[in-house]
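Here is a short briefing to read alongside your structure. Have the viewer open and follow along as we go.

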Amino acid sequence: MKLYYRLLVQFMGKGFMFVAVHPLDFWMYLVGKIIRMAFFFVFIFSIFRVAPEFAGYNFATGILIFVTYNFIDILSQTFFFRGLYHLQELVRRGTFDRALTYPISPLFYTAFRMPDPMDFISLVPVLMLLGWALTQFAQLLTPLAILLYILLVANGLLIAFALCTFLASLTFFTQEMEGVWWFYRYAVQVGRYPVEIFRSPFQFILTWVIPLGVMITFPSRALLGILSWQFVGGALVLSALLFYVALSFWRFALRRYSSASS
Amino acid sequence: MRKYWFIFKMELTQLMELRLDFWVKWLTSLLIVIMNYFVWTTAFASGKSFGGYALESIVAYFITTSFLYNVILIHRQELISRDIVEGGLSTLLVRPLSYPLQIFCRAMVSRIVYTAIGAVLIYIVSLFIIQFPMPAPQNIALGILAILFATILYTCFDFSLGILSFWLARSNGPRWIFSTIGMLASGIMFPIDLLPSWLEKILFATPFPYIIYFPASVVVGHFDSTSLTQGMLAGFFWSVVLIILTATAWRRGIRTFDGSGI
């Protein structure tokens, strides 16, 4: 465990060095992300101008869901998304062979070897928005609700990791993964909206099959005190199950890997 | 001309090779259309119209933008940038072919194929998933002209971002921020006339609205005769300006190219 922690710190340090070497990239990416976020904020604002009650949510709760989506998305991009996405390149060039010779888990190396600290910094405006949203329903906040929110955000991250691991495993079967990753990115973006806006069967699919509801809407509902214990339990069981399935699939897919260089 | 026809056929073969990528791309577009449909159906639940849009026209707008996104926004900037940075351009320059024409020709293959598939998919969606008014034939005819200008504008924009690598060895950051601003300002996320009027005025002073917003508005019939004439003239004006600017930048850039990697 200590080894993995030290490696994580090393990988993060490498990420910061990369940022320091390319300051222009850093500032451009950061400004671009903030502009994109601002545009979407204007979009949410426009929607609530048309409909002050949007699927039973008001503007502040809409912002809370948007913030939660960004929270999970940014943390996943900071730590593991890039590494798993770029597995395609390692496999194509045959450099994944080297990862298999290291005395650590190949999945750990693949996922965490290239963290993106630039994303981490874009958390600042997200946290500011979260602070604003929290002041809007301060009377609803209890220590238990805050604890549940943090637990379910971590749960959402675990689901995101499981989904990304599952997709990365497909790289061992096909080289046409670019479109699939983009599908994942757009599918996660659906989570910016409450799942309640979707009609059956889309609502069920987006809650439990591609579990965006569990990942993003559930933490917000827990914070507002409108999520039952059964759903909290269901969310935890689902993430554990998805994590187990993703790991098993990764191991199965890894056995199918044949080096491109040999 | 035969040389370019040969490139056209080669690109078509390559596109058909990557079938999974191709279909997943369309699945992603379908997902975006469904997402937008539910977002706006929920927003319009109270029966109000918004900024001159009724529910049907906003749904038609988003379906059209999804189609135009796949047809107009064919990105080649990364390929161009790689050719310049890795020196592949040296080989391509000694061939008896114009490099910009080659890039344009290859992008046109994707555009033609995506137009055909997109039209069929839109018809299927309108029959089985989302009911929306099909555009009038005269709007389609006018829309084709607007799409032609949009294609020229986006090709120049994309090509200019690609050749930034003549001056910047690592142009990812600047390319990313310009692409992000360009995409957001083109009306993909929501119709530009729904934005605050000061922001709308700023955006209309740039070529971006003529890439997606204007052609989409023409196809769905959200225009009057004055705005149509103004839009067409602006599209023509910006096309001429961007062709001149891009050609100048290409000529200057090629003089700075040192063919690293030979």
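Is the crossing in which H2(B) passes H3(B) left-handed or right-handed? It is a right-handed crossing. Please keep in mind that this is a predicted model.

**Helices H2 and H3 of chain B**
- Helix H2 (residues 19-43) of chain B packs against helix H3 (residues 55-72) of chain B at an angle of about 160 degrees, and their axes are 10 Å apart.
- Because of that angle, H2(B) is roughly antiparallel to H3(B).
- On the H2(B) side, the residues in contact include Trp26(B), Ile32(B), Val33(B) and Trp40(B), and among those they meet in H3(B) are Ile58(B), Phe62(B) and Ile63(B).
- The residues of this contact divide into ten nonpolar, five polar and one charged.

**Helices H7 and H11 of chain B**
- The axes of H7(B) and helix H11 (residues 225-256) of chain B cross at roughly 25 degrees and come within 9 Å.
- The two helices, H7(B) and H11(B), are therefore roughly parallel to each other.
- H7(B) passes H11(B) in a left-handed crossing.
- Among the H7(B) residues in this contact are Leu145(B), Phe149(B) and Cys156(B), while H11(B) contributes residues including Met232(B), Phe236(B) and Trp250(B).
- Here the contact residues divide into 15 nonpolar, four polar and no charged.

**Ser171 of chain B**
- Look for Ser171(B) in the loop between helix H7 (137-162) and helix H8 (172-185) of chain B.
- Ser171(B) counts as buried because its relative accessibility is 1%.
- Leaving out residues up to four places away in sequence, Ser171(B) touches Ser81(B), Leu164(B) and Ser165(B).
- Val85(B) lies 86 residues from Ser171(B) in sequence, yet the two are 9.8 Å apart in space, C-alpha to C-alpha.

How values were computed:
Residues numbered from 1 in each chain as written. Chains lettered and ligands numbered in written order. Predicted model: local features only at pLDDT ≥ 70, side-chain atom pairs only at ≥ 80, totals over all residues. Heavy atoms only, no water. Helix = DSSP H or I, 4+ residues; strand = E, 2+ residues; numbered from the N terminus. Buried < 20%, exposed > 50% of the residue type's maximum accessible area, 1.4 Å probe, protein only. Contact = heavy atoms within 4.5 Å. Axes fitted to C-alpha atoms, helices over the stretch in contact; angles between N-to-C directions. Parallel < 35°, antiparallel > 145°, perpendicular 65-115°, else oblique. Left-handed = near helix turned anticlockwise from the far one by under 90°. Nonpolar A, V, L, I, M, F, W, Y, C, P; charged D, E, K, R; others polar.
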